[in-house]
Amino acid sequence: MLTPLMVLAAGCTFEENLPEVDITGTVVVPRAAATRTLADGSEVVDSRAIGPVWLGIYPAIEDAGLLFDYPHPEMGPVYQDGVRGNAYPYGGGSVGRFDYACFQSLKCKIVTGRFTDFDDILDYFSDVVQSPVIDSYGAEVESAEYFRNYCYDLFEYTADYELSFLSGFDDDGNALTHFVENADGDFEATFDVYHTPMRAGMELWGWVDVPSELHTFSTCDESDGQYGGEYNEDNSYYGTNQYDLLNFPSLYIAAGDFVSTTPHVFQSETSQDFRDNPEEPTLNLDFLVEE
Amino acid sequence: MRFLLPAGALAIAGLTACDGRTALMPEPNPDYPGVVDLGEVAVLQPSDIKGDSVYEMATYEILGPPEVGQRGGASASFIGTGGSVCVIVDPEAVYWSESVSIIDNKEKWAYPDNYLDDGDIDLEVGLSANYTGSPGIEIGDFEAVYEDSLGTESYIEFNECAIGGYLGQTDAHSGRGTVESCTIDTSGRAGKEYTVVLNTWSVPFDDFLLSYAFAVVEGDCGSIGALDECALPNESLSETFGALEAAFCDGEQYTFCTNNPTLCGTDLH
């Protein structure tokens with residue numbers, strides 16, 4: 001009887017020697033990316049204002065001024081009029097992604113890992129963005145319970161944890177959102193970039209999409225994503241990230257965004273080298289993109 | 001050991017089964033080469049493929065099976081007009097799905113299609129400068145290799161023949177016996193040479209000869225009219241097939257198949 005169990009146990013530890021790696025690290029977003037100016041001119045620092053962080057693994061990153069006014073991955077050939085060169089990423093990931101928070105007025109405005117619960121969203125859009133959440137009837141959403149009921153009805157869910165735009169809290173009451181403020185006053189989050197084919201010398205680079213005044217994002221595509229087909233809704237797509245943002249970052253990086261000046265250059269020669277001595281990069285998004 | 005014997009027998013049986021399918025691997029036919037070049041074809045006017053003039057103006061040819069391990073097909077070239085042109089190919093023969101529903105059987109589709117007379121051609125079109133094949137010798141494609149600074153290679157596709165699929169993809173192809181067409185925008189490239197590649201996806205099992213009709217027509221494919229089985233008629237240039245296709249185009253294949261059962265499938269539901 002032991003033999004089959006031993007075979008199964010051996011299967012669990014089998015090393016496939018895949019030529020790809022899973023990368024874990026830390027991304028640092030400057031305080032300015034979490035700072036919003038209110039209508040009265042005052043400033044507020046709020047980690048909920050941090051947009052999605054897009055991370056790509058590229059063959060090389062060119063310095064600011066060479067391809068664009070900010071550091072940017074090397075590009076392949078330009079062979080069509082008006083179409084920039086493809087950056088041909090090896091892999092990529094993000095810290096947060098766009099998610100549909102039940103109301104059209106929130107389409108492309110909600111990033112996962114930023115909000116703990118329904119009240120958190122309502123407070124942020126009311127007090128910080130100063131553009132309250134509006135429901136499908138044009139009325140302001142003031143009640144978290146109404147918000148919850150609307151979402152449960154729309155998605156046929158029965159629990160908050162099914163809504164991925166709500167991060168919730170751990171057992172000790174700590175928010176499970178992505179970013180925490182560090183000693184320098186900047187904000188840090190961990191990231192995972194899965195299934196990246198290993199190339200010696202490849203470079204990790206990324207940027208944070210800083211929202212507009214109305215908390216919209218250039219990296220979100222309102223005309224794509226899951227299609228909402230509810231009879232009482234303004235039927236349309238729920239919005240998702242631009243499908244080619246890692247291939248053509250310059251199409252979506254805009255003034256006010258922050259990109260990383262110094263990419264992490266991977267030293268591992270092979271995927272096995274990486275697994276034996278994992279590199280855990282810290283990527284600073286410290287370069288402000290200007291007009 | 002007692003376990004190994006049945007396993008060995010199964011393996012032998014499997015090999016035998018593979019041997020049996022060599023009948024579907026045709027030998028090259030010296031009368032009908034598997035790789036041909038049609039040379040430069042004229043860009044026709046839409047009216048050229050209406051009525052009987054289509055038989056003179058369009059290209060009607062036959063491809064044989066290629067050498068084993070070799071890509072087969074035909075290549076042709078045309079000169080960019082500076083506007084849109086429509087490239088159309090219709091491989092033999094006709095294809096339809098048989099109606100097999102017990103409760104709502106459609107008489108029109110009651111006969112199965114004779115799939116043994118169907119071939120399949122996949123269309124690719126691009127600037128001749130991007131074509132990797134040797135006309136009449138070797139079928140190529142429109143892919144180029146880009147090598148990044150770390151030496152990693154990526155393929156860049158210069159095939160401009162975008163055929164939409166059910167899921168919205170732009171690199172789809174029609175199946176057996178079915179017309180393929182695509183619009184090529186030659187604006188800014190008037191006078192430049194384009195290459196059309198008619199890739200042999202499969203030859204008919206009945207004679208291993210793939211008849212087809214092919215045309216390059218001025219204008220957007222959407223403006224020419226229905227580009228279906230009936231657009232380039234009788235690609236086999238045979239009386240019997242012509243009659244079947246004509247019946248199919250008129251929606252009368254049930255009657256035709258009843259009267260000519262050998263030209264249709266036999267597994268009637």
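Two strands are taken to pair if DSSP finds at least two bridges between them, and helices (H or I, at least four residues) and strands (E, at least two) are DSSP runs numbered from the N terminus. The structure is a predicted model, in which local features need pLDDT of at least 70 and side-chain atom pairs count only at pLDDT 80 or more, whereas totals for chains, interfaces and linings use all residues. Residues are numbered from 1 along each chain as its sequence is written, and chains are lettered from A and ligands numbered from 1 in the order in which they are written.

In chain B, strand S3 (residues 73–79) and strand S9 (residues 193–202) run antiparallel and are joined by seven bridges; within this pairing, Glu193(B) of S9(B) is the bridge partner of Ile79(B). Both strands belong to an open sheet of four strands in chain B, ordered S1-S3-S9-S5, in which the pairing is mixed. The edges of this sheet are formed by strand S1 (35–40) and strand S5 (120–127) of chain B, each of which pairs on one side only. On average, neighbouring strands of the sheet are turned by 15 degrees against each other, direction ignored, where axes are lines fitted to C-alpha atoms, for helices over the stretch in contact, and angles run from 0 to 180 degrees between N-to-C directions.

Chain B as a whole contains five helices and ten strands, and its C-alpha trace spans about 70 × 60 × 40 Å along the principal axes. Of the 269 residues in chain B, 32% are buried; a residue is buried if 20 or more other C-beta atoms lie within 10 Å of its own, exposed if 12 or fewer, and partly exposed in between, with C-beta atoms placed from the backbone. Two residues are in contact if their C-beta atoms, placed from the backbone, lie within 7 Å. Among contacts in chain B between residues at least 6 apart in sequence, 76% join residues at least 24 apart. The peptide bond from Glu92(B) to Ala93(B) is cis, with omega near 0 degrees, and Ala93(B) is located in the loop between strand S4 (84–91) and S5 of chain B.

The contact between the chains takes nine residues from chain A and six residues from chain B. On the side of chain B that touches chain A there are two nonpolar, three polar and one charged residues; Ala, Val, Leu, Ile, Met, Phe, Trp, Tyr, Cys and Pro count as nonpolar, Asp, Glu, Lys and Arg as charged, and the others, Gly among them, as polar.

Chain A also has an open sheet of four strands with mixed pairing, in the order S8-S9-S1-S15. Strand S8 (180–181) and S15 of chain A stand at its edges, each with a single partner strand, so one side of each is left without a neighbour in the sheet. Strand S1 (residues 20–29) and strand S9 (residues 187–197) of chain A run antiparallel and are joined by nine bridges, with Val29(A) opposite Phe187(A). S1(A) pairs in the parallel sense with strand S15 (residues 282–284) of chain A over three bridges, and here Val27(A) stands opposite Leu283(A). S8(A) and S9(A) pair in the antiparallel sense over two bridges, and Phe187(A) in S9(A) is the bridge partner of Glu181(A).

Helix H2 (residues 118–128) and helix H3 (residues 144–155) of chain A pack at an angle of about 115 degrees, with their axes 9 Å apart. Phe118(A), Asp119(A) and Leu122(A) of H2(A) and Ala144(A), Phe147(A) and Arg148(A) of H3(A) make this contact, which by class has four nonpolar, no polar and two charged residues. Phe118(A), Ile121(A), Leu122(A), Tyr124(A) and Phe125(A) are the buried residues named in H2(A). They cover an arc of only 160 degrees around the axis, which puts them on the same side of H2(A); the arc is that of the directions from the helix axis to the C-beta atoms. H3 of chain A is included in what covers the buried residues of H2(A).

Most residues other than glycine have a negative phi. In Gln130(A), which lies in the loop between H2 and H3 of chain A, phi is positive, near 60 degrees, and with 14 C-beta neighbours inside 10 Å this residue counts as partly exposed. Tyr88(A), in the loop between strand S6 (72–73) and strand S7 (91–95) of chain A, likewise has a positive phi, near 45 degrees, but Tyr88(A) is buried, with 20 other C-beta atoms within 10 Å.
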